[in-house]
Amino acid sequence: MSYGPKEFDVDIPSAARAYDYFLGGAHNFAVDRAFADQVLTIAPSVPQVTRLNRSFLQRAVRFQLDQGIRQFLDLGSGIPTVGNVHEIAQQRVPDARVVYVDYEPVAYKYAKTLLEGNPHATIIQADVRDVAAVLEHPETRALLDFSQPIGLLIVGLLLFIGPQDRPEELVAAYRSQLAPGSYLTISHIADEHADPELRAQVARLVAAYAQANEHVYVRTRDEIGAWFQGLELVEPGVAFLPDWRPDSADEAGDVARPLGYGAVARVPVP
Ligand SMILES: C[S@@+](CC[C@H](N)C(=O)[O-])C[C@H]1O[C@@H](n2cnc3c(N)ncnc32)[C@H](O)[C@@H]1O
């Protein structure tokens, strides 16, 4: 199988643009909205995970800034919305560096425009499964210093990577490039602790995405935890998204709580 950027096509819904629609963004087309509305009808609670996921990402970035991380590699970064990684990072550390990676043309073009004039943040259009294309990209090399700790963000991405693409090997390939003191952040959809109605919604969502040729894979807490092997999991470990170092109790009762896990771990310092 060959890996590379996606083609621009306004006639086929895209997961990136549907995600943008679920978050209230404006960078989606009629075909994406029709698809997303169909998902909302058949699985009304599931798209709520996008908001829980987004706020987990923001807390994880703030946590890493607190630990002294000053550069981030964000795989499957999506269409930039308010509170994106560079905004959070550069608010606190103006010269914090961020490289976004996405293979979706709208995500790429919009982020490229948004980041114009920002010397410390960029996006590259690449398929994350082509590890060399990401890591050896001139812009990655220009902005990130791999001899220093990096915050590697793999948030809301691996659910699109099937077993045939060996997600464990993919995570390990990126992880192997991280200097001691770096952090790995992962979030993922799950349903093992959801009630039967929610689980049925997840199954309908997976089927709808498959029809749109965007395959979604649901994984267990153990499968997600295994990607952190050899790293030091930060408390509270692999947790439901709203339970990972919450700022407030606002999301604790969210119906979508059992539908996603998040975790952050540190590369040990010898
Ligand atoms: C659900 S969005 C997540 C966005 C953001 N990381 C977040 O959590 O808010 C997933 C993104 O991953 C991108 N994506 C999926 N598979 C990819 C691949 N193989 N290479 C690059 N990007 C990919 C999609 O285009 C989409 O923008």
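Helices and strands here are DSSP runs, numbered from the N terminus; a helix has at least four residues and a strand at least two. The model is predicted. Pro236, for instance, sits in the loop between β6 (232–233) and β7 (239–240).

- β1 pairs with strand β2 (residues 97–102) in the parallel sense, over 5 bridges.
- The chain gets from β1 to β2 by way of helix α4 (residues 85–92), and this β-α-β crossover is right-handed.
- β1 also pairs with strand β4 (residues 151–155), again in the parallel sense, over 3 bridges.
- Leu73 has bridge partners in both strands: Val99 in β2 and Leu152 in β4.

**The ligand site**

- The ligand is surrounded by 18 residues.
- The closest of them are Tyr19, Arg54, Gly76, Asp102 and Val155.
- Asp102 has a polar side-chain atom 2.6 Å from an oxygen atom of the ligand.
- Val155 uses its backbone: an N or O atom there lies 2.8 Å from a nitrogen atom of the ligand.
- Tyr103 also has a backbone N or O atom by the ligand, 3.4 Å from a nitrogen atom.
- Taken alone, the ligand exposes 600 Å², and the protein buries 97% of that.
- Helices α1 (15–22) and α3 (48–66) are the elements that give two or more residues to the shell around the ligand.

**Helix α5**

- Helix α5 runs over residues 105–114.
- Its buried residues include Pro105, Val106, Ala107 and Ala111.
- An α-helix has 3.6 residues a turn, so residues three or four places apart point the same way.
- The buried residues of α5 pack against α1, β2 and β3 (121–125).
- Glu104 caps the N-terminal end of α5.
- In this cap, a side-chain oxygen of Glu104 lies 2.8 Å from the backbone nitrogen of Val106.

**The loop between α9 and α10**

- Glu214 is in the loop between α9 (196–211) and α10 (221–226).
- Is Glu214 buried or exposed? Its relative accessible area is 7%, so Glu214 is buried.
- A polar atom of the Glu214 side chain lies 2.9 Å from the backbone nitrogen of Ala15.
- Setting aside neighbours within four places in sequence, Glu214 is in contact with Lys6, Pro13, Ser14, Ala15, Tyr103, Phe160 and Tyr209.
- Val216 lies in the loop between α9 and α10 too.
- Val216 counts as buried because its relative accessibility is 8%, and the cut-off for buried is under 20%.
- Beyond its neighbours within four places in sequence, Val216 is in contact with Leu159, Phe160, Ile189, Leu205, Val206 and Tyr209.
- Val216 and Tyr100 are 116 residues apart along the chain, and their C-alpha atoms are separated by 21 Å.
- Asn213 also lies in this loop, but Asn213 counts as exposed at 58% relative accessibility.

**The loop between α2 and α3**

- Ser45 is found in the loop between α2 (30–42) and α3.
- Ser45 has a relative accessible area of 10%, so this residue is buried.
- What is Ser45 in contact with, leaving aside its neighbours within four places in sequence? The residues are Leu198, Gln201, Val255, Ala256 and Leu259.

**Backbone angles**

- Glu235 and Pro236 are joined by a cis peptide bond, with omega about 5°.
- Arg166 is not a glycine, yet its phi is positive, near 45°.
- Arg166 lies in the loop between β4 and α8 (167–175).
- With a relative accessible area of 43%, Arg166 is partly exposed.
- Asn213 is not a glycine either, and its phi is positive at about 65°.

How values were computed:
Residues numbered from 1 in each chain as written. Predicted model: local features only at pLDDT ≥ 70, side-chain atom pairs only at ≥ 80, totals over all residues. Heavy atoms only, no water. Pairing = 2+ DSSP bridges. Right-handed = clockwise from strand over helix to strand, strands pointing away. Buried < 20%, exposed > 50% of the residue type's maximum accessible area, 1.4 Å probe, protein only. Polar contact = N/O pair within 3.5 Å; in protein donor to acceptor, adjacent residues only side chain to side chain. Contact = heavy atoms within 4.5 Å. Near = heavy atom within 4 Å. Areas by Shrake-Rupley, 256 points an atom, 1.4 Å probe, with all protein chains shown as cover.
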